[in-house]
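Here is a short briefing to read with the model open beside you. It covers a pocket, a strand pairing and some salt bridges.

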Amino acid sequence: MQFDVTVPTVGDRVAQMVVKQYLEPGLDRVFDPNSYGYRPGKSAHQAIEQTRKRCWDYDWALDLDIKGFFDTIDHALLVRALRKHCQEAWVLLYVERWLKAPVEMPDGTIQKREAGTPQGGVVSPLLANLFLHYAFDAWMRRTFPSIPFERYADDAICHCRTRQEAEHLKAALEKRFADCHLTLHPQKTQVVYCRDSNRRGTHPQIHFTFLGFTFQPRRAKNRWGKLFTRFLPAVGPQALKRMRERIRSWRLPQHAPLPLTDIARILNPILQGWWQYYGRFYPTEMWKLFTYFDERLGVWLRRKYKSLKRHRGRSLRRLNSIAKRNPSFFVHWARLGHATVG
């Protein structure tokens, strides 16, 4: 892990914000419509929605993963791209200063920054978008104009008609990124078959993860209630694992003295944020997380009340009764009117 020698001063952060506000309006007009990351009026949900629609129209997807992107951005290429849109000496001076700020390594040694953008810098996402606009977006429009894509920062999905087209694009992008001093991750960059009820044949890769959502064949119902398979996004296993670990870190059973109203006041905003993001697509997958949360609340109840100590079933029935009386305590209770266990 590497980190800046000093915490940015208030003045430095203000200066970065001034540069960002100066550059962003002009650069945003240049950026591709299918670039969604860190842009005004754009969102991850828009990128996921567009990806979902195109996976229905195109049989194949190329899932791109750039190895260590933010640490390997070439400074000379980035400044050259910036000079195409800005000739203000003070802006260029500040940007080059931020790019070259040294870093302190874990052993305490100071190392010059030869590539990459400062992590957490206010202006870093804008500069990264500018770099990939020329390294990827504009190049795709020139070289493969018939292949649509979605990009969010350094994550991108390309949509192809055939497997051969996807493999050809992958090889071309490996060379393109090498020319830009970037590397496609050899294991994580993959060609994916968007399998559904209408697509025959097999392929070793039938899923990919984009912005925390895993796209894969999933059961769905048509307007007449008939079940079929469609290629759809839902909260991914890694995202679920991270959220479960966060819930486990709260150690709810150790907070038995607290009233449930306090627990709800503290934790429900976090659950609400998770639901607003991951519950947008195929929301039933999120019930796995809420069931786990309610199970932890059941353990909390058993620790709080001696009469429930050895009675899991009774404690979960009590939890459901509480949920019915107080559905506003937690976001999933409000939607169901009861807890997800019992």
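By class, the residues lining the second largest pocket of this predicted model are 7 nonpolar, 5 polar and 4 charged. That makes a lining of 16 residues, around a volume of about 300 Å³.

**The pocket lining**

- Lying nearest the centre of the second largest pocket are Asp-63, Asp-65, Lys-188, Gln-190 and Thr-209.
- Three strands, β2 (60-65), β6 (155-160) and β8 (208-210), are the elements that give two or more residues to this lining.

**Strand β5 and its partner**

- Strand β6 also pairs with β5: the two run antiparallel and are joined by 4 bridges.
- Within that pairing, Phe-149 has Cys-158 of β6 as its bridge partner.
- The two strands form a hairpin with 2 residues between them, and Ala-153 in the turn has a positive phi of about 55°.
- Are the faces of β5 (residues 149-152) covered or open? Both are covered: Phe-149 and Arg-151 are buried on one side, and Glu-150 and Tyr-152 are buried on the other.
- As background, side chains in a regular strand alternate between the two faces of the sheet.

**Salt bridges within helices**

- In one of them, Lys-20 meets Glu-24, with the closest N and O atoms 3.3 Å apart.
- Lys-20 and Glu-24 are 4 residues apart in helix α1 (residues 10-30), so about one helical turn separates them.
- Glu-24 counts as buried because its relative accessibility is 16%, under the 20% cut-off.
- Glu-167 and Arg-163 form a salt bridge too, at 4.0 Å from N to O.
- This pair sits in helix α7 (residues 163-179), 4 residues apart and therefore separated by about one helical turn.
- Both side chains belong to partly exposed residues: Glu-167 has a relative accessibility of 33%, and Arg-163 has 38%.

- Asp-59 and Arg-199 form a salt bridge whose closest N and O atoms are 2.7 Å apart.
- Asp-59 lies in the loop between α2 (44-57) and β2, and Arg-199 in the loop between β7 (190-193) and β8, so the pair ties together parts that are 140 residues apart in sequence.
- Arg-199 is buried, with a relative accessible area of 8%, whereas Asp-59 is partly exposed at 29%.

Terms used:
Residues numbered from 1 in each chain as written. Predicted model: local features only at pLDDT ≥ 70, side-chain atom pairs only at ≥ 80, totals over all residues. Heavy atoms only, no water. 1 Å grid on protein atoms, 1.4 Å probe; cavity = no way out; pocket = protein on both sides within 12 Å on 5 of 7 lines; lining within 4 Å. Points joined across faces, edges and corners; volume = space filled by probe spheres on them. Nonpolar A, V, L, I, M, F, W, Y, C, P; charged D, E, K, R; others polar. Buried < 20%, exposed > 50% of the residue type's maximum accessible area, 1.4 Å probe, protein only. Pairing = 2+ DSSP bridges. Salt bridge = Lys/Arg side-chain N within 4 Å of Asp/Glu carboxyl O.
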